[in-house]
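Please examine the structure below before reading on.

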Amino acid sequence: MSAAGTALVCLVLALAWDVVLRELPNAAHPVAWFGRLAGAARGRLPLAPPLRALLGGALLLALVPLTVGAVVWITRAARVASPWAESALALFWLQASFSCRGLLDAGLAVERALRANDLATARSGLSSLCSRDPSSLNGSELAGAATASLAENLSDSVVAPLFYYVLFGLPGALAFRAVNTLDAMVGYRGRYEWLGKPAARVDDVLGLVPARLSAILLWLAAVPLRLDVARGWRTCMTDARLTPSPNGGFPMAMTAGLLGVCLVKPDTYTLGAAGDPPSVQTLTDARRLVGLAMTITALLAVAALALGDPTGPVWSCIGSPP
């Protein structure tokens, strides 16, 4: 089988795994393993002064190529035992690099809690979608925060990993997931500000194209759903750069415009200011919109691999299964 054929089959099986079997528990999830490794390293690195912390952040970032290189080596070594063992390992790593079903399920959990007027459960559910403090959020604010997180995570959890998989094969998908995990752990202002800057800046660069692709995919998904695509485009063009992140504003602003709602994070951003306050129905509509955008993303990734051989050089470095 060709390298592109191998990549295609692996992707189709990984997508089926995600939909049918859902995400693995943390104890068996490679991203959680990497998080524990990075957490242990983080605890041994300086947080000040800034220059030392920056150098420590660079060392922390070096875990990405070291870890991905080790995964590639282990996967290639498995071929000695059996070519099928190599393929099984590649599938195992790939399915962990993205999350479709898990993201939508997290949004559904918040939605169900809001419909039951169970704010405590909704706040707890929001914690699995984003790092925003939910303790003082009311129902509308919870629905808005969950909607914004679904849109932003469409890029980080689905579009970006598949984008880099199509371009650079398994190492590309894993490297993005590892950098994005580091960014989530230390890439924000506060205690880890200087330590997290290297990972945050690399994550910003890697997310530039996928975030803008995500906004376009949401716009495409809005067409069959008969949402206001003109308003979505206008809102994205005017509000996408109002967020601190150079990337997250694109899918979030597009979603705000398409759904006709105002998405607010106090003291941080206001997207679609002329829109209505978010409601539970907003979250329902957001799940449908993001879910359809995920489907389009998956189909495009499969089509790209079916039509060409963009990953051949990368896959060839770990050997192709028969």
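In this predicted model, helix H9 passes helix H12 in a right-handed crossing. H9 covers residues 193–222 and H12 covers residues 280–307; their axes come within 8 Å and cross at roughly 110°. Angles of 65 to 115 degrees count as roughly perpendicular, and H9 and H12 are therefore roughly perpendicular to each other. On the H9 side, the contact involves Leu217, Leu218, Leu220, Ala221 and Ala222, which meet Leu289, Val290, Leu292, Ala293, Ile296, Thr297 and Leu300 of H12. Of the residues in this contact, 11 are nonpolar, one is polar and none is charged.

H2 contributes Val31, Phe34, Gly35, Ala38, Gly39 and Arg42 to the contact, while H8 contributes Arg177, Ala178, Thr181, Leu182, Met185 and Val186. The residues of this contact comprise seven nonpolar, three polar and two charged.

Two packed helices are described by the angle between their axes and the distance between the axes. The table gives these values for both pairs.

| Helix pair | Axes come within | Crossing angle |
|---|---|---|
| H9 and H12 | 8 Å | roughly 110° |

Attention now turns to the backbone. Most residues other than glycine have a negative phi, and most peptide bonds are trans. Arg22, however, has a positive phi of about 65° although it is not a glycine. Arg22 is located in the loop between helix H1 (3–20) and H2. Asn117, likewise not a glycine, has a positive phi of about 55°; Asn117 belongs to the loop between H6 and helix H7 (119–126). The peptide bond from Ala48 to Pro49 is cis, with omega near -5°, and Pro49 lies in the loop between H2 and helix H3 (50–61).

Are Arg22 and Asn117 exposed or partly exposed? Arg22 has a relative accessible area of 39% and is therefore partly exposed. Asn117, at 67% relative accessibility, counts as exposed.

Arg22 also takes part in a side-chain interaction: the side chain of Asp105 makes a polar contact with the side chain of Arg22 at 3.5 Å. Asp105 is placed in helix H6 (residues 101–115), and its relative accessibility of 24% means that Asp105 counts as partly exposed.

Technical notes
Residues are numbered from 1 along each chain as its sequence is written. This is a predicted model: local features need pLDDT of at least 70, side-chain atom pairs count only at pLDDT 80 or more; totals for chains, interfaces and linings use all residues. Side-chain values use heavy atoms; hydrogens and water are left out. Axes are lines fitted to C-alpha atoms, for helices over the stretch in contact, and angles run from 0 to 180 degrees between N-to-C directions. Helices (H or I, at least four residues) and strands (E, at least two) are DSSP runs, numbered from the N terminus. Angles under 35 degrees count as roughly parallel, over 145 as roughly antiparallel, 65 to 115 as roughly perpendicular and the rest as oblique. A crossing is left-handed if the near helix is turned anticlockwise from the far one by less than a right angle, and right-handed if clockwise. Contact means heavy atoms within 4.5 Å. Ala, Val, Leu, Ile, Met, Phe, Trp, Tyr, Cys and Pro count as nonpolar, Asp, Glu, Lys and Arg as charged, and the others, Gly among them, as polar. Buried means under 20% relative accessible area, exposed over 50%, partly exposed in between (1.4 Å probe, protein chains only). A polar contact is a pair of N or O atoms within 3.5 Å; within protein, one must be able to donate a hydrogen and the other to accept it, and residues adjacent in sequence count only if both atoms are side-chain atoms.
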